[in-house]
Amino acid sequence: MFYFDKIEGKNILKSDKLDNAFFTTRETIIKSKDPQNFDLVKANRELIKKYLQVEKLIRPSQTHTSNVDVANFDRDMYPNTDALILNDKRLGIFLNFADCTPIILYDKKKNIGAIAHGGWRGTAEKIGAKTVLKMVSDFGCKSENITALIGPCISECCFEVGGEVLNKLNESIGNNERISEDEKTFADLKQINKIQLEQVGVKDIDIAPYCTVCNNDMFFSYRNENGTSNRHSAVLKIK
Ligand SMILES: [Zn+2]
């Protein structure tokens, strides 16, 4: 279950399933291209580093791919990377969102975590499931030991898409329903990501009840805020 917690009086969103991960809100913003937010972003990054008790925060350059990489203490650049695996407790990692679906993964037994960025493209390419499979193949994780958090994103209530997009999303979960390409409809990225994770054996999944458009007072929405450069973030450390 999700609940709001505070870091020095500022809101973050957490799940009672994982105490080493959270989602930032407007108040705890750590990613923005707006110069007005630079000081706040800098201060919040320091606050979060202290809260996580990590030496460094690392983030990839997200470009709506389905590329999965592994965070490395000595490397700061992760171009074209939309999922990052973490196995170093000196590091915190974060990925940034404003409508796309954040997926946090953590294997308690192996103490390996990851964050994936599932926009509709990444979701169609099954980025969450792909990240799980890499945790399994490269780090000996077991799907049944992985907890997944699906964070705030544009939800079915507000995510209108064309038939072409819905068809690709349906295809990604083995659903054969197809609609006409020029038809407009609504897509549920949370459910599609959940099904993809279940299809690779993840059972423990918590889904945040927040929509970035309906709850735009707490989170950022690219669609609702004319392409804002502000982001809320999924943040993770290991133990
Ligand atoms: Zn909504």
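Leu105 stands opposite Ala114 in strand β9. Strands here are DSSP runs of E with at least two residues, helices are DSSP runs of H or I with at least four residues, and both are numbered from the N terminus. The model is predicted; local features need pLDDT of at least 70, side-chain atom pairs count only at pLDDT 80 or more, and totals for chains, interfaces and linings use all residues. Residues are numbered from 1 along each chain as its sequence is written.

Start with the strands around β9. Two strands count as paired if DSSP finds at least two bridges between them. The hairpin of β8 and β9 has 4 residues between the strands. In that hairpin, Asn111 takes a positive phi near 55°. Strand β6, residues 83-86, also pairs with β9. That pairing is antiparallel and has 4 bridges. Here Ile85 stands opposite Ala114.

Strand β9 itself spans residues 112-118. It is mostly covered, with 7 of its 7 residues buried. A residue is buried if 20 or more other C-beta atoms lie within 10 Å of its own, exposed if 12 or fewer, and partly exposed in between, with C-beta atoms placed from the backbone. Ile112, Ala114, Ala116 and Gly118 point one way from β9. Gly113, Ile115 and His117 point the other way. Both sets are buried.

Now follow Ile115. Leave aside its neighbours within four places in sequence, and Ile115 is in contact with Ala83, Leu84, Ile93, Leu95, Pro102, Ile103, Ile104, Ala234 and Leu236. Contact means that the C-beta atoms of two residues, placed from the backbone, lie within 7 Å.

Ile115 also belongs to the largest nonpolar core, which has 61 residues. Such a core is a set of buried Ala, Val, Leu, Ile, Met, Phe, Trp, Tyr and Cys residues joined through C-beta atoms within 7 Å. Leu84, Ile104, Ile115 and Ala148 touch the most other members. Strand β7, residues 91-97, gives the most to this core, with 5 residues.

Strand β7 leads on to β14. The two run antiparallel, joined by 6 bridges. Phe94 has Val235 in β14 as its bridge partner. Strand β3 joins β14 too, through 3 bridges, and this pair also runs antiparallel. There Ala21 stands opposite Leu236.

For contrast, look at Pro35. It sits in the loop between β3 (18-24) and α1 (38-52). Pro35 is exposed, with 7 other C-beta atoms within 10 Å. Its C-alpha atom is 26 Å from that of Gly119, which is 84 residues away along the chain.

Finally, the whole chain. It has 5 helices and 14 strands. Its radius of gyration, taken over C-alpha atoms, is 17 Å, close to the 18 Å that the globule rule gives for 239 residues, so the chain is as compact as a globular protein of that length. The rule is 2.2 Å times the number of residues to the power 0.38. Along the principal axes, the C-alpha atoms fill a box of roughly 50 × 45 × 35 Å. Of the 239 residues, 44% count as buried. Among contacts between residues at least 6 apart in sequence, 63% join residues at least 24 apart.
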